[in-house]
Amino acid sequence: MHLTATRLGGQRLLPWDLDASRYGAGAARSDALTVARIAAFAGIWAVPVRSGPGGGRHVWLAAEEPLPRALVERLTALARELKARGVLRTVDVTPWTNPATGGMRVPGSAHRLGGYAELAEHGVEDAIGLLSTGSPVASFHEFADHLEALAGAPGGPVASHRPAARPAERTRPQERTRPGTDARPVPARRYGPARRPGAASPALPPSVRQGPAAGAPRPVCADADGMPHLRGDRRTPAAGTWLRLRTPLAPEADHSAVCFSVLLGLALAGYRHADVAALLRSPQDTPGLEALRTERGAGGARHPRTADATARLLERQWLHAVHRAARLPAPAPGAAAPARREAAAAVADLLDRIEEAGPQRWSRPSGPADLAVLRSWALLAVTAGSPRVDLDVRRAGQLSGYSHQTANAAIHRLIDDGWLREEVPAAPGRRQHARTLALAGAHRCTGRPHHTCAVAPRSAPHPPTQGTAPGTAPGHALGRALRGVQREAASDLWSELGHHCFRTYAQLRNGACTSGRLAQRTGYVPATVRRHLRRLAACGLVERDGRGRWARVAGRGALARAARASSCHGRGARRAARAARDVAVYRRWLEERRWLRTPRRDRRGAESRRPYPRLPDGRPDHARARSEEAARLGPAALPVAGSDTSGERPPVGRRFTPGNPAAPTAPARRLTSPPAEPAAPDAPVAAPPAGQPPPWPPRTSGRSGRSRRSRGPADPC
């Protein structure tokens, strides 16, 4: 089919031909995905097509009106530049170079090697409707701007066809009729900053209205501003969506893909456009949405967008995300119940076995650490709905309130004693991956002096959902209870009072109790329990009534206030910051090793690569790498509770003074915005002031004197 229609006065179709004959089907598929994503960011509907048996791809784009020849020539020059730089290696611009006879095989046409061109994502009706309607010409100008930024030549010869001004139809939506459907006018997509209350919502494609073939569609409705969203109340996003939203991205990462993944997860959780716009106003808390606030420039550097451009881009991407979420089949009722029921039953059985083990097992010196790590595993199992959990030592330390070294030792003890087992032991050189841990059914005694066999699991664990309300997710009550206990266990206060003191404090969750009864429940001698209670009372956490019973102080926030008054305030935040820094350094080292092992002829992306710092003699400089990654991550990688703005370490060996806990001998840590609850391990904090060192000291050498030439930085897991 010829691309230029004489009766229309120009070229309205702009198909991208991605040939797989030289670089393979994988490269063509990757380039097609890149073109489609850039088109989506510019507000252009893309129709991907599998061209034939060789693995080639076509990406069809259509405009409402004929494209100016200058714009087509600009896009052709950009495509050639991207191909020369290795960004789009498979693109073929031959069909665009001849305005008279340039053509492309339409979807459904036969291929010379057999087979035919078939639609990759859309149905026939969707493809005809999208290509017949087309996108505004202004969107193609923006599409060219994105390609120009990707090519990294904002002022070079590639930019010679930049238009002087944008067409006016960008801000004036017009009604048009979509061919192949009914004659009702379809409101054009708005590109302004907001919709008027009561305005018509964007029209949904036929596939969204009709739903997937395997079931009913997800219902879509519009808010007061006319923006679409999935019907239902707003829920907590999935853990993966929240992690991508809060995780800082490397400069060479695909910010666009991460951003759309986050928007899709928020759309599935019932978020509205206004909710996402509110998240977008907190750049430190939402680095996963950075593609909406900035755009990629030359050398991988990102440049800020204007507020109007950000609003327009968010509106377009939210429209795409809601449409994509509506196409996904809704989960069948009870589809995930069996796996979650199994995980909840295993966790309920584990908690019963912890009680059967007796207080003496958890009152020994390593008992609180073992118990906290075991509860951390149980919390992750209930949250993920799986009896097998991937748990790295730094995550276990943040959840339990210990360092990663202590958490690692606790995991080894629990495996030796028969509480946990490692599903797939990591091979040599693969320790950067987290362990896959599950409950152990049997174990072999090691003969260690302090070895204590775990309580054997039941053959038929009781169902954990008895007594729950209809419609409640399996393990919901267990997860809520475990989350409350672990939130208290992760408080910085126990770094000063001791985690054995927390065991005494945790026994008061169920109500008032005498010191003698507490000694029976905890396994400590009465003198130890009384010492714990005096320390807790000095911190304002417990009080004694007239009948000699001890109870927690009424009201929320007492533990947070006591933690802020302690000298160890901020230790959990510093620990989380070091964990994020170590993971980033280790990933950067792995990328450096991969780059060095790649033949020179196959190395791509040298412009955006961040080389690993080196010493003058050529050895890797891991200390400088840690400093660079700490500065790059900034406040977005740190949790909310416990910011240490002084840059000083807490005094070592300071003893607790029960008489005056609020007046430590060293300067107390203070938050810029104190939290209402104890430390959460995955929330951000304010960064240290400019000119002051980060809240961790640079580590110059390992404890075991390892050779820097032969080994990289410490394994983060």
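Is cysteine 259 buried or exposed? Select cysteine 259: the residue is buried, with a relative accessible area of 0%. Buried means under 20% relative accessible area, exposed over 50%, and partly exposed in between, using a 1.4 Å probe and protein chains only.

**Before you go on**

This is a predicted model, where local features need pLDDT of at least 70 and side-chain atom pairs count only at pLDDT 80 or more, while totals for chains, interfaces and linings use all residues. Residues are numbered from 1 along each chain as its sequence is written, and side-chain values use heavy atoms, leaving out hydrogens and water.

**Stop 1: the whole chain**

Show the protein chain as a cartoon. There are 24 helices and 19 strands. These are DSSP runs numbered from the N terminus: helices are H or I with at least four residues, strands are E with at least two. Of the 717 residues, 46% count as buried.

**Stop 2: cysteines**

Go to cysteine 568. This residue also counts as buried, at 6% relative accessibility. A search of the whole structure finds zero disulfides, a disulfide being a pair of cysteine sulfur atoms within 2.5 Å.

**Stop 3: strand β5**

Select residues 57-60, which form strand β5. Arg57 and Val59 point one way, His58 and Trp60 the other, and all are buried. In a regular strand, side chains alternate between the two faces of the sheet.

Strands pair if DSSP finds at least two bridges between them. Strand β3 (residues 16-18) runs antiparallel to β5, joined by three bridges. Leucine 18 has arginine 57 as its bridge partner. Strand β4 (residues 47-50) pairs with β5 in the antiparallel sense over four bridges. There, valine 47 stands opposite tryptophan 60. Six residues lie between the strands in the β4 and β5 hairpin, where glycine 55 takes a positive phi near 95°.

**Stop 4: arginine 305**

Move to the loop between β14 (302-304) and α11 (307-327), where arginine 305 sits. Arginine 305 is buried, at 17% relative accessible area. What lies 3.2 Å from a polar atom of its side chain? The backbone oxygen of alanine 291 does. Beyond neighbours within four places in sequence, arginine 305 has contacts (heavy atoms within 4.5 Å) that include Phe41, His146, Glu295 and Leu313.

**Stop 5: residues 510-546**

Finish with residues 510-546, listed by UniProt in an unreviewed entry as "domain: HTH iclR-type". Such annotations may be inferred rather than shown by experiment. The span is 57% helix and 8% strand, and its end C-alpha atoms lie 19 Å apart.

Conventions
A polar contact is a pair of N or O atoms within 3.5 Å; within protein, one must be able to donate a hydrogen and the other to accept it, and residues adjacent in sequence count only if both atoms are side-chain atoms.
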